[in-house]
There are 4 protein chains.
Amino acid sequence: MTHPALSYRPAYDDRDVCLDRFRQVRSDTLRLIEGLSVEDMQVQTMPDVSPTKWHLAHVTWFFETFIAQRFLSSYQTFNPGFGYLFNSYYEQVGAQWPRSERGLLSRPTVSEILEYRAHVERSVAMLIETAPASEWGGIAPLLELGQQHERQHQELLLTDIKHVLSQAPDPAAAFGTDLEAAAMPGDSPYLAMAGGLVEIGANHADFVFDNELPRHKRWLEDFEICARPVSNGEFLEFVAEGGYEDPRLWLSDGWVWLNDHSVRHPLYWRNSDGQWQEYTLHGLAPLVPGFPVCHISAYEAAAYAEWKGERLPTEAELEILARHHPAEGIMLGDNGKIHPGALAGSGKPESVFGDVWEWTSSGYEAYPGYHPPDGAVGEYNGKFMSGQQVLRGGSCATERNHIRATYRNFFPADSRWQFSGLRLAKRTRSTSSLKSA
Amino acid sequence: MTHPALSYRPAYDDRDVCLDRFRQVRSDTLRLIEGLSVEDMQVQTMPDVSPTKWHLAHVTWFFETFIAQRFLSSYQTFNPGFGYLFNSYYEQVGAQWPRSERGLLSRPTVSEILEYRAHVERSVAMLIETAPASEWGGIAPLLELGQQHERQHQELLLTDIKHVLSQAPDPAAAFGTDLEAAAMPGDSPYLAMAGGLVEIGANHADFVFDNELPRHKRWLEDFEICARPVSNGEFLEFVAEGGYEDPRLWLSDGWVWLNDHSVRHPLYWRNSDGQWQEYTLHGLAPLVPGFPVCHISAYEAAAYAEWKGERLPTEAELEILARHHPAEGIMLGDNGKIHPGALAGSGKPESVFGDVWEWTSSGYEAYPGYHPPDGAVGEYNGKFMSGQQVLRGGSCATERNHIRATYRNFFPADSRWQFSGLRLAKRTRSTSSLKSA
Amino acid sequence: MTHPALSYRPAYDDRDVCLDRFRQVRSDTLRLIEGLSVEDMQVQTMPDVSPTKWHLAHVTWFFETFIAQRFLSSYQTFNPGFGYLFNSYYEQVGAQWPRSERGLLSRPTVSEILEYRAHVERSVAMLIETAPASEWGGIAPLLELGQQHERQHQELLLTDIKHVLSQAPDPAAAFGTDLEAAAMPGDSPYLAMAGGLVEIGANHADFVFDNELPRHKRWLEDFEICARPVSNGEFLEFVAEGGYEDPRLWLSDGWVWLNDHSVRHPLYWRNSDGQWQEYTLHGLAPLVPGFPVCHISAYEAAAYAEWKGERLPTEAELEILARHHPAEGIMLGDNGKIHPGALAGSGKPESVFGDVWEWTSSGYEAYPGYHPPDGAVGEYNGKFMSGQQVLRGGSCATERNHIRATYRNFFPADSRWQFSGLRLAKRTRSTSSLKSA
Amino acid sequence: MTHPALSYRPAYDDRDVCLDRFRQVRSDTLRLIEGLSVEDMQVQTMPDVSPTKWHLAHVTWFFETFIAQRFLSSYQTFNPGFGYLFNSYYEQVGAQWPRSERGLLSRPTVSEILEYRAHVERSVAMLIETAPASEWGGIAPLLELGQQHERQHQELLLTDIKHVLSQAPDPAAAFGTDLEAAAMPGDSPYLAMAGGLVEIGANHADFVFDNELPRHKRWLEDFEICARPVSNGEFLEFVAEGGYEDPRLWLSDGWVWLNDHSVRHPLYWRNSDGQWQEYTLHGLAPLVPGFPVCHISAYEAAAYAEWKGERLPTEAELEILARHHPAEGIMLGDNGKIHPGALAGSGKPESVFGDVWEWTSSGYEAYPGYHPPDGAVGEYNGKFMSGQQVLRGGSCATERNHIRATYRNFFPADSRWQFSGLRLAKRTRSTSSLKSA
């Protein structure tokens with residue numbers, strides 16, 4: 001069966017275009033590691049983080065397993081042991097090296113993994129050029145999926161290496177150092193959005209992941225949503241006014257989490273002799289009030305909203321916002337920076353795509369009528385539909401072509417090593433019809 | 001402000017009725033502990049479980065704190081130290097003894113706690129009889145809330161003591177022993193339910209919790225749902241055919257949970273020399289195929305549904321089902337049993353209320369327009385709206401007057417010490433419109 | 001084989017004496033629980049602590065298993081399931097209920113356990129009276145061992161219930177409340193003790209445990225040892241002057257332990273608004289400077305010694321001290337108190353037996369030529385000869401007839417729920433002979 | 001003060017000899033890493049293991065801190081942040097980066113650390129050549145200590161990297177592959193050794209660590225000790241006959257440890273389809289019966305001895321053996337192998353030095369009259385004198401000049417990543433004098 005998310009599309013007909021796109025994705029990945037040492041690429045700092053070299057190998061394993069080994073009869077598997085080491089979670093493909101122990105394997109080395117990349121790349125490139133038309137219909141969607149998959153891992157590679165580099169007492173600026181300051185942005189008005197019986201989800205004109213399907217009806221009340229994300233400067237007020245010490249602001253699980261981990265500020269903030277600093281991939285620098293707050297958990301996002309007397313938006317609300325106001329912030333590749341850009345605070349919709357992923361109040365669930373693709377590639381999104389929360393809009397580490405209004409990202413509520421921030425929605429006050437009941 | 005969930009209702013005008021209801025709830029609680037030893041009431045077997053004596057005291061503390069101390073000027077606090085010990089999680093009221101250490105306190109003893117109950121009960125009864133009309137409007141809703149709260153704890157007391165008693169190599173039948181067998185029920189047809197633009201949530205003709213509010217519109221696709229819950233006999237097939245060994249059936253978190261805890265069957269099943277037994281509050285007995293499966297986690301429910309090629313219903317679907325087919329099974333007090341009853345398998349709607357709570361695929365979230373009551377009683381439901389999953393319909397340990405179509409119960413997906421089971425909904429197959437895209 | 005520790009002795013010939021002693025031990029145990037509630041006897045507050053009711057049953061199981069079931073052919077086992085529940089660690093006898101979960105079993109109840117005690121007691125009493133002379137030689141040493149074993153558990157029962165009762169915010173004085181104060185004792189001189197080729201260990205004139213055997217030669221340098229144990233008042237200086245904050249004073253493992261558990265003072269000390277209190281079995285009271293410090297770990301003992309520039313004695317040194325200066329302090333039954341008595345500070349040897357167990361610098365190892373008895377009773381002492389440290393002298397919770405100069409108690413260095421204190425020995429300064437090497 | 005362990009010795013007078021020795025130690029360390037990748041040197045696989053690059057830096061930090069910074073006024077500290085990162089446990093010198101997180105720091109890189117080594121080496125070499133005679137007396141003993149310290153870390157570097165490399169499904173042979181097989185050695189007779197009043201400990205003719213001091217008298221009974229260590233072949237019998245399943249053979253803590261960690265054989269043994277293999281630094285190869293068993297814990301050593309009906313020797317016994325029979329096995333540098341050599345089984349004393357460290361039954365305690373050196377270098381041995389067990393004799397990873405009869409190594413009883421094995425001593429049977437008591 002061909003799954004909707006992977007079905008054949010006309011654009012695949014031009015093999016040269018396909019080959020260019022494939023090479024572009026692959027070389028983009030290598031560009032990200034230019035400033036890293038071999039040691040940087042080896043380290044795993046927590047179970048959620050994978051070593052850079054693992055990312056480099058895993059995305060390659062995906063192309064090898066689902067394309068080269070299936071469709072290229074002459075293909076020579078680079079190393080039969082790599083399947084065990086670089087399979088992430090595809091149970092149908094075989095057993096996996098434990099996720100939390102990826103950093104314990106010093107071998108294969110970075111250099112061997114770069115050879116592995118080149119080997120698989122050559123084979124896939126040859127396949128793109130030479131596959132008979134009768135097979136191309138099966139190959140092209142998997143090639144697209146592999147590329148989208150590698151785009152996702154580009155972002156993870158960046159957030160993971162940020163976590164690795166941040167451990168040091170004096171962390172490195174591995175991606176250059178020239179990040180400008182930005183003043184606190186102006187107050188942000190709420191945009192009034194009309195609800196009603198809307199449609200949500202992908203209509204599948206282009207590549208989408210299975211979890212964006214099917215497009216379906218939703219009833220949405222009218223809502224008001226902030227024109228821009230919350231800034232560092234605003235979040236600093238929450239910190240300064242004791243937001244992290246007031247249990248009434250926090251979800252119950254959030255309060256436990258906060259105390260268990262002694263959380264008192266966003267992940268990469270540091271307070272040095274009363275001065276707030278933020279660690280970025282461009283070094284440790286004074287906290288910039290005009291940047292969007294990022295690297296916060298859903299708990300912190302919800303507590304901030306509670307403190308403001310407002311709420312987090314739902315994912316449907318953010319999808320409607322993105323459809324009508326597709327304002328763009330910084331995305332991967334823009335201006336050589338991997339950090340959110342300054343907020344303008346002009347009152348116009350801002351940063352709907354890019355800069356920071358925005359936490360929603362929506363649990364990550366299947367859309368009505370959803371079912372995953374058959375086979376191993378179906379183990380992609382569906383099995384995570386439990387205990388996670390949806391984020392929308394992409395970040396400064398998301399490639400521009402990889403994000404769209406229907407895109408659903410998801411992480412557990414306590415995750416904060418992604419570029420995650422928030423945008424406020426207005427809490428409805430009018431429940432008067434119930435009061436007299 | 002009077003919160004919707006707590007607003008004044010005419011029925012409160014008859015003080016005698018109010019007093020009778022109050023005394024009924026209180027004495028019902030005491031009836032539940034008749035077969036228990038003092039030692040039974042002391043033990044805490046896991047952090048989620050509270051000692052029986054703690055439940056007895058906590059529900060009393062609720063009446064003392066929110067009613068007697070506020071409205072009865074002559075009230076003598078029984079023991080000023082009890083606030084710290086028996087506050088569950090009301091941060092606004094004060095600090096709390098750690099939840100996981102409730103079983104470490106041998107004092108106050110059961111006997112002292114029974115005195116505490118009597119003391120507070122006398123005071124509240126006096127208040128019901130003598131409160132001036134001008135204050136009664138503030139007292140009555142809190143009295144109602146306290147009673148509903150005690151009803152909830154009656155169920156928790158039962159599921160907690162079941163966990164306690166189950167630890168023994170040869171567990172006690174503390175609630176009598178005469179549970180009949182029941183054959184495997186007949187196959188269960190799917191009921192076709194019409195969707196469309198429906199309304200969900202409480203319209204507040206009677207007492208409801210804040211999380212059932214406000215009533216709001218939802219778009220629901222037509223759906224098909226099973227006439228009865230899944231039976232032990234059916235679930236046994238899943239066990240026997242390797243359901244617990246096949247990672248493809250499980251949510252990702254579920255597979256980790258299953259392996260971490262070596263889960264191979266529902267919580268209270270035991271395999272003794274190849275024979276399946278189930279521990280019940282009425283003793284250890286051969287597994288009865290005709291009873292609904294219960295004490296399963298949401299992970300097990302979802303894996304079973306996946307194995308059958310179907311899915312869990314959403315909470316909206318179960319609410320619509322309950323509104324149109326309010327079929328009742330066993331509830332607390334029925335026939336002296338605290339165990340789900342035999343399924344008929346007649347093909348007609350069955351066990352929509354009572355018998356077992358039914359897991360849904362819905363994360364526990366706020367309804368659009370929801371906000372919690374002000375003050376400490378507002379710390380009731382809202383702060384748990386993260387990382388939990390909704391269950392519907394009540395169980396054999398739920399009092400009949402405590403359940404309704406809009407009632408939302410919620411637990412983390414790995415919880416299974418409640419009487420939790422499942423009902424299947426049909427997975428939609430027709431996504432053909434997307435296939436040709 | 002008859003093991004040395006269990007060999008036949010003339011005193012056993014008088015059956016009436018034997019019966020009296022047996023009954024005395026058994027009734028002494030029951031006297032200890034007079035002030036306890038059923039709930040007190042159920043609770044287990046840490047893995048090292050056993051519920052009181054478990055102690056009551058376990059010492060009974062010992063008599064049942066090693067005497068009644070072996071030697072009394074008419075004996076009816078009280079409950080075949082008790083072997084699994086009340087065996088502590090005798091692997092040769094069978095599997096055991098996990099130690100850390102003893103408090104999870106609400107049944108058998110205290111009342112059933114008291115019946116169990118009476119049942120076994122009657123049988124053993126009958127056996128003492130009627131056993132044929134030919135079997136008496138095998139029975140008598142096991143009877144003695146069972147009694148000594150129950151004496152040991154009397155002390156453990158007390159230290160365990162102290163830990164249980166201490167949990168409460170306002171802990172109970174279950175053993176009466178009239179504990180007098182005592183001023184800081186006078187400075188304590190060091191006694192000069194002659195070394196040389198000495199003999200250590202039991203010569204077996206009376207009952208001894210296997211670990212006291214065999215008596216053997218040791219070379220001991222001359223040493224100086226304090227006339228009395230360290231007092232609360234002295235230890236308070238160590239606390240006040242930052243002893244718990246200075247890593248240089250601590251053994252490496254001790255420093256880790258201290259930080260992991262946030263230890264800042266002896267176990268039962270509390271600082272309430274700047275006033276030091278100590279929880280005792282006779283209630284919470286102001287810290288008494290003249291009592292010996294107790295409930296400290298070997299790490300705290302060693303750090304205190306280091307702070308004073310002195311050292312802990314070895315077990316051989318304390319044995320020599322006890323042989324030459326058998327000064328007695330409070331022991332179990334004295335004056336109805338279960339707490340160390342006031343130190344005189346007269347300069348004469350004091351409190352060598354009783355009051356507090358004294359930590360030594362000696363690891364718990366086998367004496368040269370040691371080997372354990374054959375069979376299950378051999379699993380008594382030998383298998384703990386690893387990673388523990390020896391204490392000497394008995395405490396206020398040790399029965400007078402149960403202690404002697406050769407008695408070796410042993411606990412891991414981080415244990416402090418026993419009545420454990422310390423006595424200083426002088427550090428030798430003269431290593432000048434090495435300096436010129 | 002000049003501490004005995006660090007006192008001035010005539011050999012230091014020849015500066016050229018001193019310089020040569022210094023350079024030899026430093027270059028020997030670098031020779032050990034020749035086969036390692038940068039990634040190998042980054043990884044930390046458990047808290048006890050340090051990354052190779054950390055060892056390279058830490059031994060350098062020791063020279064920098066205790067020599068260059070103190071005695072060379074012109075010395076330029078390489079990087080002021082290194083003190084925090086590469087101090088191991090010298091509390092008096094300052095705070096330390098947490099031990100279990102050494103592998104999380106990707107920077108400084110290996111290459112930077114090699115620069116650091118060269119920088120400090122140059123400075124120390126200059127100091128050796130140019131220090132005024134008046135200061136040389138203070139420098140020379142610290143230089144010696146630094147070299148001995150680096151020798152110790154050479155061994156740790158090897159055992160740590162062995163643990164790192166062993167993680168891989170197909171582990172690397174980073175130190176060459178040509179390890180020969182060896183047949184099971186002949187039975188080993190027991191050597192009869194005379195006891196009496198002996199002297200133990202260093203007499204300080206040469207460099208010794210403080211824990212070997214002072215030399216002191218001990219009474220030792222006559223004893224019998226095996227001529228050679230236990231072989232793989234012998235230990236395999238223990239494994240095959242269920243030694244790991246029989247609780248009666250194990251120390252109590254050992255049995256808990258074994259079950260908690262599912263231990264069923266020595267650390268680096270693997271059973272592949274019924275064939276036993278052993279991972280060595282020279283690759284994965286069939287288990288060689290004639291090699292000494294190694295990488296066992298003290299628990300495994302004690303259980304084996306119990307199974308044979310014998311016992312572990314004390315440290316005093318092994319010191320006497322070593323004094324009288326200084327037979328040598330493989331030591332670091334011998335034949336390019338880092339693995340124990342084949343046992344001859346000739347009946348003559350064998351492998352008393354080298355091959356494998358031998359576990360003793362002796363807890364690691366201070367000798368009578370011991371006290372540590374003043375100042376930070378005194379934090380070397382004394383603070384570990386708790387909860388550890390002594391090993392004697394050195395291993396195949398110990399440099400020949402670093403081992404001697406009085407040398408005391410120590411590890412917790414559950415450690416087994418060192419080259420640790422055992423030699424049996426005979427259990428004394430004759431306790432007959434006690435039997436008739």
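**How chains A and D meet**

Analyst: Of the interface residues of chain A, 100% are also interface residues in chain D, so the copies meet through the same surface. Contact here means heavy atoms within 4.5 Å.

User: Before going on, what kind of model is this?
Analyst: This is a predicted model, in which local features need pLDDT of at least 70 and side-chain atom pairs count only at pLDDT 80 or more, while totals for chains, interfaces and linings use all residues. Residues are numbered from 1 along each chain as its sequence is written, chains are lettered from A and ligands numbered from 1 in the order in which they are written, and side-chain values use heavy atoms, with hydrogens and water left out.

User: Ok. How many residues of chain A are in contact with chain D?
Analyst: 29 residues of chain A are in contact with 29 residues of chain D.

User: And what area do the two bury between them?
Analyst: Chain A and chain D bury about 1,900 Å² between them, and 63% of that is on carbon and sulfur atoms. A:E39, A:L104 and A:R107 supply 33% of the area that chain A buries against chain D, more than any other three residues. Buried area is the accessible area (1.4 Å probe) that two parts lose on being put together, summed over both.

User: What about chain A with chain C?
Analyst: No contact joins chain A and chain C, and their closest C-alpha atoms lie 14 Å apart. Chain B and chain D do not touch either, with their nearest C-alpha atoms 14 Å apart.

User: New topic. How many salt bridges does the structure hold over all chains?
Analyst: The structure holds 96 salt bridges over all chains. One of them joins the side chains of A:R21 and A:E144 (2.9 Å, N to O). This pair links distant parts of the chain, with A:R21 in helix α1 (residues 15-32) and A:E144 in helix α5 of chain A, 123 residues apart.

User: Is each end buried or exposed?
Analyst: A:R21 counts as partly exposed at 38% relative accessibility, and A:E144 counts as buried at 3%. Buried means under 20% relative accessible area, exposed over 50%, and partly exposed in between (1.4 Å probe, protein chains only).

User: What does C:R408 form a salt bridge with?
Analyst: C:R408 forms a salt bridge with C:E315, and the closest N and O atoms are 2.8 Å apart. C:R408 is in the loop between β9 (389-392) and β10 (409-411) of chain C, while C:E315 is in helix α9 (residues 315-324), 93 residues apart. C:R408 is buried, with a relative accessible area of 4%, and C:E315 counts as buried at 3% relative accessibility.

User: Which residues of chain A are linked in a network of salt bridges?
Analyst: A:E315, A:E319, A:R323, A:R392 and A:R408 are linked in such a network.

User: Last one. Where is D:L191 found?
Analyst: D:L191 is found in strand β1 (residues 190-193) of chain D and counts as buried at 15% relative accessibility. Leaving aside neighbours within four places in sequence, D:L191 is in contact with residues including D:F223, D:I225, D:L321 and D:G347. D:L191 and D:G347 are 156 residues apart in sequence and 8.9 Å apart in space, C-alpha to C-alpha.

Terms used:
A salt bridge is a side-chain nitrogen of Lys or Arg within 4 Å of a carboxyl oxygen of Asp or Glu. Helices (H or I, at least four residues) and strands (E, at least two) are DSSP runs, numbered from the N terminus.
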